[in-house]
Amino acid sequence: MSLGLWLPGQVLRGLLLCLCVGRWAEAGKVLVVPMEGSHWLSMREAVRELHARGHQAVVLSPEVNMHIKAEDFFTMKTYAIPYTQDEFDYIVTGKTHLLFERIHFLTLFLETMASLKNVSLVFQRSCEQLFYTKDLIRHLNASSFDVVLTDPVYPCGAVLAKYLSIPAVFFLRSIPCDLDIEGTACPNPFSYVPRLLTMNSDHMTFFQRVKNVLYPLTLKYICQVSFTPYARIASDLLHREVSLVDIFGSASIWLFRGDFVMDYPRPIMPNMVFIGGINCANRKPLSRVCIGAFIQSTFQVEHVCLKNNLLPGASLSTDLFKDFHLSFSF
């Protein structure tokens, strides 16, 4: 599942569905609204491939960020937010040391929730500032983008696509509280699909199934803090009541960075495409040194086996294993 194998064939399958009609087949215009951090590092490769195929990509980002920097394969548009770089870095990453400290669980939980509130507030204000930048919004509206590529973990891109009436392609791993399942209107059987953090398998006892139903309720607070403000932002922009399900349900295509090798099988809808493996870098060919060491070790195994009257691949006794180990001592 290397990037070279999966990216052209899987990620672009979904994107090109929105770009391959009529004149778009020649060169589509993609507005990219990424999420900060490792989310962008994955999405960046999809943007690179779109550029290689002749499409124009515009990446929309606040001026203050961590990893979203200008590159030669996209145009970057930025807007101001009410934070300095030092403030942004401290709020977003300042509490990561808690994960490595041995402190009481309750203390860790309270500190983590306080940090989550602050981080969520930063991204919420960043989104609000985007819509307050009227000149930029007018420019985006006049640019006639064909599709918005965004990570719905940061719902601002989904809100922007809805506001500009542009088809949206979601590029994600998952969204807490099963909001991705609600957004896709997908069946969600608690009876056999293990939920996040439950440690259940797909063969559950009755009490494990009860746990499977109750456990996600503990994540509702996280979603209340992180996602609810975007429903209010969308409602203010569209001048009507908009729910989170409305926001997430607006996607034309969902590109999930997962697969049923690492995740349990579950029902999916026709507009859900699994692209697990695109995070894997291209494997480099073995060097001559590695190939030589492998050949040498193969000869040594055969030598040990012949010495002990064994065929290669036979079970090695303890003494034979010691002999084999000594043959690698230099």
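1. A residue is called buried when its relative accessible area is under 20%, exposed when it is over 50%, and partly exposed in between, with a 1.4 Å probe and protein chains only. By that scale aspartate 135 is exposed, at 57% relative accessibility, and arginine 138 is exposed as well, at 53%.

2. The model is predicted: local features need pLDDT of at least 70 and side-chain atom pairs count only at pLDDT 80 or more, whereas totals for chains, interfaces and linings use all residues. Residues are numbered from 1 along each chain as its sequence is written, and side-chain values use heavy atoms, with hydrogens and water left out.

3. The pLDDT is the predictor's confidence in each residue, on a scale from 0 to 100. Its average over the chain is 80, and 76% of the residues score at least 70. Over residues 1-8 the value is below 50, and this stretch has 29 contacts (heavy atoms within 4.5 Å) beyond near neighbours in sequence. Residues 310-330 also stay under 50, and the model has 19 contacts for them beyond four places in sequence. Where pLDDT is low, the predicted coordinates should not be read in detail.

4. Side chains of opposite charge can pair when their charged atoms come close. A salt bridge here is a side-chain nitrogen of Lys or Arg within 4 Å of a carboxyl oxygen of Asp or Glu, and the count by this rule is 10. One network of salt bridges links Arg44, Glu45, Arg48 and Glu71.

5. Arginine 138 and aspartate 135 form a salt bridge whose closest N and O atoms are 2.3 Å apart. Both belong to helix α5 (residues 134-142), where a spacing of 3 residues separates them by about one helical turn. Helices (H or I, at least four residues) and strands (E, at least two) are DSSP runs, numbered from the N terminus.

6. Arginine 53 is joined to glutamate 49 by a salt bridge, with 3.3 Å between the closest N and O atoms. Arginine 53 is partly exposed, at 38% relative accessibility.

7. Which residue does arginine 232 pair with in a salt bridge? The partner is glutamate 128, and the closest N and O atoms are 2.8 Å apart. This pair links distant parts of the chain, 104 residues apart: arginine 232 lies in helix α10 (residues 228-238) and glutamate 128 in helix α4 (residues 105-132). Arginine 232 is partly exposed, with a relative accessible area of 38%, whereas glutamate 128 is buried at 16%.

8. Helix α10 has the buried residues Pro229, Tyr230, Ala231, Ile233, Ala234, Ser235 and Leu237. These pack against α4, α6 (156-164), α9 (220-226) and α11 (244-248). After α10 comes histidine 239, with a positive phi near 60°.

9. A cavity is a set of points, on a 1 Å grid over the protein atoms alone, where a 1.4 Å probe fits but cannot get out; lining residues have an atom within 4 Å of a point. Grid points are joined across faces, edges and corners, and a volume is the space filled by probe spheres set on the points. The model has 1 cavity of 30 Å³ or more, and the largest cavity holds about 130 Å³ of space.

10. The lining of the largest cavity has 17 residues, with Pro34, Pro62, Tyr79, Ser126 and Tyr154 nearest its centre. The elements that give two or more residues to this lining are β2 (56-62) and α4; α4 provides the largest share, 4 residues.

Technical notes: On a 1 Å grid over the protein atoms alone, a cavity is a set of points where a 1.4 Å probe fits but cannot get out, and a pocket is an open set with protein on both sides within 12 Å along at least five of seven lines; lining residues have an atom within 4 Å of a point.
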